[in-house]
Amino acid sequence: MSTSTEVQQDTRFFGHPRGLANLFGVEMWERFSFYGMQSILAIYLYYETTKGGLGLAQETALGIVGAYGGMVYLSAVVGAWVADRLLGPERTLFYSAVLVMIGHIALALLPGFAGIGVGLVCVAIGSGGLKSNATAIVGTLYSADDERRDGGFTLFYMGINLGAFVGQMLTGLAQKELGFHYGFGLAAIGMALGLIQYSIGRKNLGDKAREVPNPLAASRRMQMLAVGVAGVVVIVVLVLTGVIRAGNLADIVVGVVVVASVLYFAVILRSSKITSAERSRVYSFIPMFIASAAFFALYQQQFTVVATYSDKRLDRDLFGWEMPVSWVNSVVPVFVIVFAPVFAAIWTKLSSRQPSSPMKFVSGTVLMGIAFLLFLPMVGTGANGSPLLALIGILFVFTMGELFLSPVGLSLSTKLAPDAFRTQMVALNFLSISLGTALSGKLAEYYDPADEVPYFSIIGCTAIVVGVLLFFGTPFIRRLMKGVH
């Protein structure tokens, strides 16, 4: 078993620790299953039953997709808490991956809304636990002053997108040629392969990945178990009585995430276990949290508005064969696979001269706003009249914004994290994504293919304004970061 010092000095994976290869692999297969399923989820919900779908109204279906995505990242908080207080990141990651596989099996085998209910809950909780802990473990592979850190996170991000590309291509093809449940079954197989790969290489992650940073006293474990059971009972009752329903799910998730985020920041900032410098760094993360939420409110519309746009407004004809809807979004991971190594090499080459994290956030948010404005020239092209190459160009801008902000956000959350809240700071980063993803579903309810100008122009300009405000606040934010670049 490797010690933490040996892991941090390791250079066997393209100049990075070998444990990064194992995390690269498990995240790749988890993303294969996750994005493969999510790429066909919206159309499964709103397609007519004669086409194998569930026949929901489009706005309800898109709201569910956004709310589900928000719940995935919200559950990262639960996974982070379990890791920090009970099991440690490494074991939490393993059990979460098992739950993801169970969820995909439920989607493949259980019919109708039963499969959706059981499957999405299992995948959401499992993916949240896996995501926050995989990211936290990547952070343990590097010392605090290791300049390879951002480059390592970008390579890790490349694994995510390799899985996303292959998952969307194969799952989408299985859905189109064989049916939705075959697509969901393929996602389950992908997660099973990820579990096998991860189990083989667990020994390369070092002792720090197995630590429980802030263990919960044995006397309090039954108390917390009772709280958890009570929470599940309350949710079930609210669903059965109609308080929580498909039509308002996005609103509920947005509200829960906002409350959870405020409480989480308050708990960390008021903790006696952090130093004054650590507290200042947590404060510096607040404006980046807001910018990240704004970014992902647009970026995650790949699975809501862009999915519907691809289905109804895009010309998907390829030499007489209509390509699957899910294939359109697969160009994003292709761009990331191509350009992630370029960004990683640039950040590594520039070292201490690279742009600060806040400036990278500015670039990502502004680019995301520009991407939405680029939809405007295609307004009025009619049903399935927008050219495929134009949307590919827009998704390229999506990707450039993503590479400036998303992997950097993962890295930044580990750099700014107090020692007692390592995994839970990563969860805060995922809460920003949760909020943005839930908002992507809520905003999608206002998208009207017959009147696109207000939608794309207002949302695009709003993101640009957020980026500009962050730019002017960058000097103050950097002072709060206390030396973190």
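The following legends describe close-up views of a predicted model.

Local features require pLDDT of at least 70 and side-chain atom pairs count only at pLDDT 80 or more, whereas totals for chains, interfaces and linings use all residues. Residues are numbered from 1 along each chain as its sequence is written, and side-chain values use heavy atoms, without hydrogens and water.

View A. Ser-386 lies in the loop between helix 14 (357-373) and helix 15 (388-415); helices are DSSP runs of H or I with at least four residues, numbered from the N terminus. With a relative accessible area of 0%, Ser-386 is buried (under 20%; exposed is over 50%, partly exposed in between; 1.4 Å probe, protein chains only). Its side chain forms polar contacts (N or O atoms within 3.5 Å, one able to donate a hydrogen and the other to accept it) with the side chains of Tyr-309, at 2.8 Å, and Thr-381, at 2.8 Å. Beyond neighbours within four places in sequence, the residues in contact with Ser-386 (heavy atoms within 4.5 Å) include Arg-313, Leu-314, Asp-315 and Met-378.

**View B. The largest nonpolar core.** This core has 142 residues (buried Ala, Val, Leu, Ile, Met, Phe, Trp, Tyr and Cys joined through side-chain atoms within 4.5 Å). Helix 2 (residues 19-46) gives the most to the core, with 15 residues. Tyr-68 is among the residues with the most contacts inside the core. Not counting residues up to four places away in sequence, Tyr-68 touches Phe-34, Met-37, Gln-38, Leu-41, Leu-120, Val-123 and Ala-124.

**View C. Val-237 in helix 8.** Val-237 belongs to helix 8 (residues 218-240). Its relative accessibility of 41% makes Val-237 partly exposed.

Technical notes:
Helix = DSSP H or I, 4+ residues; strand = E, 2+ residues; numbered from the N terminus.
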